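Open the model in your viewer, and keep a selection panel at hand. The tour moves from one selection to the next, and at each stop describes what is to be found there.

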Amino acid sequence: MKMKKLAAMALAGTMAAAPAMAELVIPDLSYRTGPYAAGGTPFSDGYQDYFNLLNARDGGIGGEAIRIVECETGYNTEKGVECYESTKGEGALIYQPLSTGITYQLIPKATVDEIPIHTMGYGRTSAANGEVFNWVFNYPANYWDAASVMVNYLLDENGGDLSGKSIALVYHNSAYGKEPIRTLEELSAMHGFELSQLAVDHPGQEQKSQWLQIRRERPDYVLMWGWGVMNQVAVQEAANIGFPMENFIGNWWAGAEHDVTPAGAGADGYKSLNMNRVDASLPVFDEIRTLVHEAGNAAGDGSNMGSVLYTRGMYAAMLASEAIANAQDIHGVTDVTAAMVRDGMASLEITEARMAELGMSQIGPEFSVSCENHGGSGLGIVQQWNAADGQWVALTDYIAPDDSVIDPLIAADSAAFAAENNIEPGCL
Amino acid sequence: MSADFLYGIEVVLNGLMAGVLYALVALGFVLIYKASGIFNYAQGVMALFSALTLAGIMSGQVPFAHLINAIFGTDIHYFGWNVPVLAAIILTLVVMVIFAWCVQRFVFRHLVGQEPIILFMATIGLAYFLEGVGDLMWGSDIKTLAVGLPQGGSLWVEDATSGLGGDDFYGFFIDKLDMVATVVAIILVAGLIAFSQYTKQGRAMRAVADDHQAALSVGISLNFIWVLVWSLAGLVALVAGIMWGAKSGVQFSLSLIALKALPVLMLGGFTSIPGAIVGGLIIGVGEKLFEYLIGAPFLGGATENWFAYVLALLFLVFRPQGLFGERIIERV
Amino acid sequence: MLYREAGDFKTTYVADSQTFPLKLDRIGFWVTMAVAWLVIPFVINDYWASSLLVPFLIYAIAAIGLNILTGYCGQVSLGTGGFMAVGAYACYKLMTSFPDINIMIHIVLAGGITAIVGAAFGLPSLRIKGFYLAVATLAAQFFLVWLFNKVAWFYNYSASGQINAPERLVAGVAVTGPSTPAWAQYLICLFFVTLCALIARNLTRGTIGRSWMAIRDMDIAAEIIGVNPLKAKLTAFAVSSFFVGIAGALFFSVYLGAVEVGEVFGIQKSFLVLFMIIIGGLGSIFGSFAGAAFLVLLPVALKWIGVDVMGWPTDLVAHFQLVIVGALIMFFLIKEPHGLAQLWRLAKEKLRLWPFPY
């Protein structure tokens, strides 16, 4: 029995590896192992399940079957490069690199290879400037948007006035964690709140110093740019020092179920940002359950459905498939190339009507992409953890960032990148 | 008393507590190094593995479920029962003893008499192996360890001390989990010392630590003692895993706590149990105080990781064998 | 029979003291060089360059560097990742500050800067020995990574905190930046590997190498017979860091092109390079290559077998990878504690007699 099964799997593997007829190849650089596996697994499950749903329900996109090539990166940059090089030859249409390090690797490489990259709410923020980063897209929102959305939310909470308030930023001491500092400094000068910064070194298992400092200084709000084990420990320590959890807001990579469950009831009331609404009752989940999971094609063990990161992975897959469909429309062929998909992404328009049609009403904000603006609308919602029900509850509708602050920052950073790399800004 | 000074004391107190947690990890290293001269890089992974096993047994997870499902196409995850904490801990210890026996039987028995760096390398192989097995057995998601340990700051301490300073002093913050960890650490160390002083096996263990060949010649079984030592290290790893896992959930990163123990070992000496404790306390207080006084205000924070090592390095320059390590006598 | 020493006569001292005294070894060496220089550049593609050969060559340089320190001089170091970061950041600063100077010079200079830093962190080795020293070098590792992360000058105040290698040409061909052809990437690494291996091989056969080995075998005895431990240890640290710095510079500029210090040059890198030299063989240049090949190629090969051939889920394969690599390390150590280099030596012994048993 065992051997037979293995042999069947081996056979299936070789068959899948053989070049079949025209199909849409989508690599999934997942990280189901290593220190961040808890976040990578649901995302990848959602990403793959949605494409499998399209295959099962619609026969792919525009009649072309989708083939997913999964490659395990373990969130490691070198393995990510290996994955990229090994999958790009198969006709990969779009990459979702999923780690800051891998993204920075792939931006120049994919630009030369002319394959679009979608870094959804992570990676290089200034890639929102499509004239410099022709092949990189970071819609629907980026980190600087996130920082601004948080401040706008707090402004709203405080009747539009944050002057005299103190806000502490607890951040992962890495490129990722330092992303919001510039934006928050600008906003602090603008709105008159006091900003203090507390760096937490990787991996972040020991944060007593930082939280004792917060306890001493009693800031009104704590914002967090955390990742990995740092999130769980921070939530636990915040509960330990008795910090009011409703004043503690994480960004969208610090707001999944596994970030809060280890702290148990203490995490109740913790807030986080999200770029996609979490709603387990969306019709699309029923379809995935019946057409993918019950058919035995689930990417994982099926237990993650409806969770924050599963939904985000599925949302990412939806944005990718919409872009591919758009590319098929533009070019009038179904067997699109990576360059055509880029065109599809650069004129992508996501409307509420379309999302509702796909069975995921309100899952993300409405936005449109243009050649100049690859960043989408930058909208985000604030959600709150309800420990008793074990659920994230959306508190707000989509909140807009303050573009007047972010746009100059993006222009400056992308101009610096263009100068450093001799790029002549312009549309393709 | 001024609030700044009181907060300084609070930092010291919390540093002591953190030091106890570091010492818990360091203890496992010391036990094995003393008895067999092996610098056990896998100690951190052992903490992860034991905590994973405990969490897995408690929630009635099926070991190797993912692998079984992938091979046989089944869909099993849980047995559907919950094991009480105490029984789960005992079962985990059984697993750790089996693990210790396997390590001794299949790896280190074949490496007797090799150079220290070879033994060190073998433990690295062991770390890889155990990490892979842990993931295969229990999956790589984050597990909540609900063994009923208290969490959160102690209100009693806070209330009792809040009168010491002015209005901007809120009383000392002491984490209840840290207090429990301290008590457990004291019991553990007392138990280990009692074991090694008053039992036959314990004395045999000390004899082996002193001189392998002399111990062998009076009829002590090295194999047995080494299995015993690895089992004890497994016990210490389990305790460390529970304490650290209670904070962050049981996840991969738990294996990185080994890095927190290394400066403690340097400072206290690789061969001394009291050294591990004292070293842990010094490192804990040193790094927290440095972060409070210099790191956060002047250097932009996050200095703890490297400062612990620099502190240990400074100590070593004056005492190359660590505070309590065996004096290195060099002969030509 | 296949590998013979008999009949290989020397008539001059020069001939006798050359790098490969045996004719067969020389032939093997030149064939390898010919394949590496004349065949591979014409058949290499992006995948082979970026996934296998370039990392292998760069790790080989780092492993040679660490092997000089640990294998030849007996000083265990866990600061390799930090020193590689010094090389990478030195290279970046030089590249951006003096864009007109050839990148090859920058890479060598980056090695030189790392040598100075390495020698400074080598000072405690005069007092501290064995595993205590290994852990002490971790201080260098953590401090350097923190420093490069904290001080914005090192990454030219870029908003992201990452360093990106701009495009630089050697003889009209890009060797850094995204449009580098695979063969150019490979050849520049091969050039430095060849250079470093030759330097290392000859250093370790000379006076200085002998003084390192004397220190390794017993430092007090060495001191008594007149080896200056200060000089020997510090030169070992400096030379080792020079190679490690070159490896770091190449790792950043040629291989990855964009680097974040904590992720790429973290403690894991230090351990990885140490694993390479222990598995390959301490005190052997060949061992450095063998160890680097083992740890770079094995995971890729296992992944290829598991995912592409067997079609297993990628996460299971990744877990099995760990199990198998771990088990293989233990297996090799039990079978041959002195590493792959020793296996190679034994193989040569066997080949001397083969196919006749006696």
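**Stop 1: where chain B meets chain C**

Select chains B and C together: their contact takes 42 residues from chain B and 37 residues from chain C, two residues being in contact if their C-beta atoms, placed from the backbone, lie within 7 Å. This is a predicted model, in which local features need pLDDT of at least 70 and side-chain atom pairs count only at pLDDT 80 or more, while totals for chains, interfaces and linings use all residues. Residues are numbered from 1 along each chain as its sequence is written, and chains are lettered from A and ligands numbered from 1 in the order in which they are written.

The elements of chain B that give two or more residues to the side touching chain C are helix 3 (65-72), helix 5 (116-138), helix 11 (257-268) and helix 13 (304-318). Helix 5 of chain B gives the most to that side, with 15 residues. By class, the side of chain B that touches chain C has 31 nonpolar, eight polar and three charged residues; here Ala, Val, Leu, Ile, Met, Phe, Trp, Tyr, Cys and Pro count as nonpolar, Asp, Glu, Lys and Arg as charged, and the others, Gly among them, as polar.

**Stop 2: chain B as a whole**

Hide the other chains, and chain B shows 13 helices and zero strands. Its C-alpha atoms fill a box of roughly 65 × 60 × 40 Å, taken along the principal axes. For 332 residues a compact globule would have a radius of gyration near 20 Å, and the 21 Å of chain B agrees with this; the radius is taken over C-alpha atoms, and the globule rule is 2.2 Å times the number of residues to the power 0.38. Of the 332 residues of chain B, 56% count as buried, a residue being buried if 20 or more other C-beta atoms lie within 10 Å of its own, exposed if 12 or fewer, and partly exposed in between, with C-beta atoms placed from the backbone. Among contacts in chain B between residues at least 6 apart in sequence, 73% join residues at least 24 apart.

**Stop 3: where chain A meets chain B**

Bring back chain A and select its contact with chain B, which takes 38 residues from chain A and 38 residues from chain B. On the chain A side, the elements that give two or more residues are helix 1 (2-17), helix 2 (37-58), strand 6 (194-200), helix 7 (208-217) and helix 8 (229-240) of chain A. By class, the side of chain A that touches chain B has 14 nonpolar, 15 polar and nine charged residues.

**Stop 4: chain C and its helix pairs**

Of the 358 residues of chain C, 54% count as buried.

Next select helix 12 (residues 267-280) and helix 13 (residues 285-309) of chain C, whose axes come within 7 Å and cross at roughly 120 degrees. Axes are lines fitted to C-alpha atoms, for helices over the stretch in contact, and angles run from 0 to 180 degrees between N-to-C directions. Helix 12 of chain C and helix 13 of chain C are therefore oblique to each other, since angles under 35 degrees count as roughly parallel, over 145 as roughly antiparallel, 65 to 115 as roughly perpendicular and the rest as oblique. Residues in this contact include L272(C), F275(C) and M276(C) of helix 12 of chain C, and G287(C), S288(C) and A290(C) of helix 13 of chain C. By class, the contact of helix 12 with helix 13 of chain C has nine nonpolar, four polar and no charged residues.

Then move to helix 8 (residues 207-217) and helix 10 (residues 229-256) of chain C, which pack at an angle of about 105 degrees with their axes 9 Å apart. Helix 8 of chain C and helix 10 of chain C are therefore roughly perpendicular to each other. The residues making this contact include W212(C) and I215(C) of helix 8 of chain C, and P229(C) and K233(C) of helix 10 of chain C. Among the buried residues of helix 8 of chain C are W212(C), I215(C) and R216(C).

**Stop 5: M310(C)**

Finally, select M310(C), in the loop between helix 13 and helix 14 (314-335) of chain C. M310(C) is partly exposed, with 18 other C-beta atoms within 10 Å.

Terms used
Helix = DSSP H or I, 4+ residues; strand = E, 2+ residues; numbered from the N terminus.
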